[in-house]
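Colleague: I would like to learn how to read features off a model. Please take me through some of them, general idea before case.

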Amino acid sequence: MITCITMKTMASTKSPSPTIQEEAVAAYSYPYTVNVANFVSVRLSGHEKYTLWRTQMLCLIEGHDMLGFINGIPPEAETEKHQWWRRSDALIRGWILGSLSEDVLNTTIGLKTAKDIWLHLENSYGTLPPQSGLINPELKDETRSTSHSRSLPVPLRGVSQQIDLKGDSLTPAVESSFNGRARKSWGLERTVFPEDSLEEILPALVPLDLPQNTHSLHEPRSYLPLYKAALRGDWEVAQDFINDDEEACTANINKHGFTALHIAVGTGKQGISFVEKLVAKLPPNSLLNMLTSFRDYTPLHIAAVVGNTEAVKILVNKNQELLYAKDVDELLPIHRALINSHKDTFLYLLDVTKGNRYPFTYTGNMGVTLLSNVIFAGYFDIALDLITRYPELATTIPPDNVDAPLMAIARKADAFKSGCSLDFFDSLIYKYVPLKSESPVSNKTPGKMNLYTSVLHEINSVVWKVLGRFVRHITHVQKLKLEHHQALALVKCLCQEISALNLQSNSVYYSGTIIEAASNGAYEVVQEIVDTFPQAIWYADKNGHYMIQLAILHRCEMVYNLTYQMSDHKHFHKTLKDDNNNNLLHLAGKLAPQQKILSLEVETFVHPKYKTEKNIFDHTPEMLFTKEHIKLVRDGEEWMKKTADSYTITAGLITTIVFAAAITVPGGNNGDTGHPIYARELSFLIFAIADAISLFTSTTSLLLFLSILTARYAEQDFLCTLPSRLIMGLATLFLSTTSMMIAFGASLYLLFGQGKDWILIPIAALSCLPVTCFVTLQFPLLVELISCTYGRGLFGKQSDRPFY
């Protein structure tokens, strides 16, 4: 089997030609060295400073011939000049944003261009021209008193509140209304004064404008203190505001129609006290009418979206009808909590939401939508409970944008063991750890053997429980195993309910599901569907690919392994071809998604003639494989060379060290005989043997890695030759490292440990450190290489359970 190397894609961008770049630079200037403070000394903070700020900012922009960025049309996004326009536009945006106060700056968030920001500021803070009705400066002090607005009828109060409290101008909504039709209706040519304008203007203004400008009469700025108090959870400020204006409790305070309660429940735990006190002031029925203009959310919907369980409890206790209020997508709060993965909130709503009243939460479209989302969230225990209580959900046709329950579980390949990548130790834990839901062996069969088995089971459970308290990862693997068993039980339950249908053909429930499961590698789902509906194996996707073809095409080895459990019907699959006359080997020769290779195993399955058969593009399987894997071979060569080069340096260093140690033995030589002084010591013998082993193995490792660097890197070399050399090189390098540390430890003992046996303990402990690092970091690669090159591989019979 060919070793897979992760591919890296590189993207290159095409730079514009010099001529186009020069034209773009000339068209869109970029005066980035300008000091804006020299031109704009006024900081825009409200209506009263807009005129001065606008005059200075226009002077700056027009002085640099960039007026088109706030009143012109940008170039098309796909043209090469657009990037230069965007750069200059960003510069002007920086000029404008840098001259705004923090409150004004917050209102510009989300605006993309300088023109958008300029128009937003003009519409929000622009003042009336003198001839259009500015308030007489002599009467400014009188206009600051807004007590008269409290006595106005409710429909007119919003208009009164839009008059700027500082007396500078009307707000843009009223200004445009007044300048438009109201002025034309009366032929006014004089300055508007507040004392007589409210009595004279409003009677005519209301019938003309109020029905058509309902949203503009609820300016968010009039509720800004309440908005900020709701965000901070400051009930004292909010209470003062509400005492002055009782309708503020249910008023829309931002452009999306959010009330103070919507804002407060979205702030989380810090706003719980605020929510509790505000809800206490509201009648229960008013909560149902507090809908946002954005998606028709009630306050309970918002609490469910953000996962504010405490706020959910407060709202439900106030009015349980909120549980059954639909938003614009026909979803209830319980759906919103589930979609946003707030399990605690969802579990509470699941407990308090009743299924026997309209809209029926657990049946029909509502129920199947809920069950599908529960499956996608991975709450398989809850899904099993729902399907047990409401079995009709398994066969309910879902809405267009919702997956059927069986399709939903087929899309979650990670819900099964086949979709999880477990390392060696995790696999051992997974295999032997008991499930939390497992009960002792049944006592129905009397006898000593049954008692003995029960005792062993209890001891095993206690041991794993104790281990789980000290090693938390064991508990994680145990939980993972339980989820896999629950998911498999859910698939079996769904298949049983579908098979119980009294229909001549119930293929609509599983035909698409088996294709999805085979493509995702969820062989457990494929196996259950085929066991329940044997005819499902002959359903194909829109390209005419059957189960085994999809398994090969998507490199799902566990689905492919089901052929080993098939009867002789598997021979029908050997001759399958798709619409392009590709046989199974052609499909295996295509570039593997997710870096998986399957071609060599398929070669042993099909008839030998298919090895040389050509498809409609005149390609044999081998030609197609070579064409599709050119980049993979190149990437594999690069990775192999870099790896071998790194190991070569390590092996060379070890060879140098141990060779030098062999010449200069510890303790030196006898001057008369030339023999080592410690030649008769056991520790010297250990040093000599370990040093020799380290020298020989490091030299061998060095030569093996050099042979990898000089290989030809043909496709066939990746199958066995290169992996074998890398395996032997890593193994000998490991032996040389271990032997070198043993030799070093023996040498230290000879020099410093005579009569001090305790010194062996720190020497052994420290010598194990580099060996442990090598094993931890490099041993997994060595094990995987050995398994893929010499092991049984990915393919083979997975169980004795018959499959078709």
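Modeller: Start with salt bridges. Side chains of opposite charge can pair when their charged atoms come close. The cut-off used here is a side-chain nitrogen of Lys or Arg within 4 Å of a carboxyl oxygen of Asp or Glu. In this predicted model, Glu638 and Lys642 meet that criterion, with 3.2 Å from N to O.

Colleague: Where do Glu638 and Lys642 lie?

Modeller: Both are in helix H35 (residues 630-663). They are four residues apart, about one turn of the helix. Helices here are DSSP runs of H or I with at least four residues, strands are E runs of at least two, and numbering starts at the N terminus.

Colleague: What conventions sit behind these values?

Modeller: Residues are numbered from 1 along each chain as its sequence is written, and side-chain values use heavy atoms, with hydrogens and water left out. The model is predicted, so local features need pLDDT of at least 70 and side-chain atom pairs count only at pLDDT 80 or more, while totals for chains, interfaces and linings use all residues.

Colleague: Is Lys642 buried or exposed?

Modeller: Read the relative accessible area: under 20% is buried, over 50% exposed, and partly exposed is in between (1.4 Å probe, protein chains only). Lys642 is exposed, at 54%.

Colleague: How many salt bridges does the structure hold?

Modeller: There are 11. Another of them joins Asp103 and Lys228, with the closest N and O atoms 3.7 Å apart. This pair links distant parts of the chain, 125 residues apart. Asp103 is in helix H5 (residues 102-106) and Lys228 in helix H12 (residues 224-232). Asp103 is partly exposed, with a relative accessible area of 44%. Lys228 is also partly exposed, at 30%.

Colleague: Next, aromatic pairs. How are they described?

Modeller: A pair of aromatic rings is described by the distance of the centres and the angle of the planes. Rings of Phe, Tyr and Trp (its six-membered ring) pair if their centres lie within 6.5 Å; planes under 30 degrees apart are stacked, over 60 edge-to-face, and the rest tilted. The whole structure has 13 aromatic pairs. Tyr50 and Trp53 form a tilted one: 6.0 Å centre to centre, 35 degrees between the planes. They are three residues apart in helix H2 (residues 50-63), about one helical turn. Tyr50 is buried at 3% relative accessibility, and Trp53 is buried at 0%.

Colleague: Which pair is edge-to-face?

Modeller: Tyr510 and Tyr539 give one, at 5.9 Å centre to centre and 80 degrees between the planes. The two are 29 residues apart and link distant parts of the chain. Tyr510 sits in the loop between H26 and helix H27 (511-520). Tyr539 sits in the loop between helix H28 (523-532) and helix H29 (547-553). Tyr510 is buried at 1%, whereas Tyr539 is partly exposed at 27%. Ring pairs also link Tyr50, Trp53 and Trp118 into a cluster.

Colleague: What about the nonpolar core?

Modeller: Such a core is a set of buried Ala, Val, Leu, Ile, Met, Phe, Trp, Tyr and Cys residues joined through side-chain atoms within 4.5 Å. The largest one has 107 residues, and Leu261 and Phe346 have the most contacts inside it. Helix H26 (residues 472-499) gives the most to this core, with seven residues. Apart from it lies another core of 28 residues, including Val36, Val42, Leu91 and Ile96.

Colleague: What does Leu261 touch?

Modeller: Contact means heavy atoms within 4.5 Å. Leaving aside neighbours within four places in sequence, Leu261 is in contact with residues including Val275, Leu282, Met290 and Leu315.

Colleague: And the overall fold?

Modeller: The protein has 38 helices and zero strands. Of its 804 residues, 44% count as buried.
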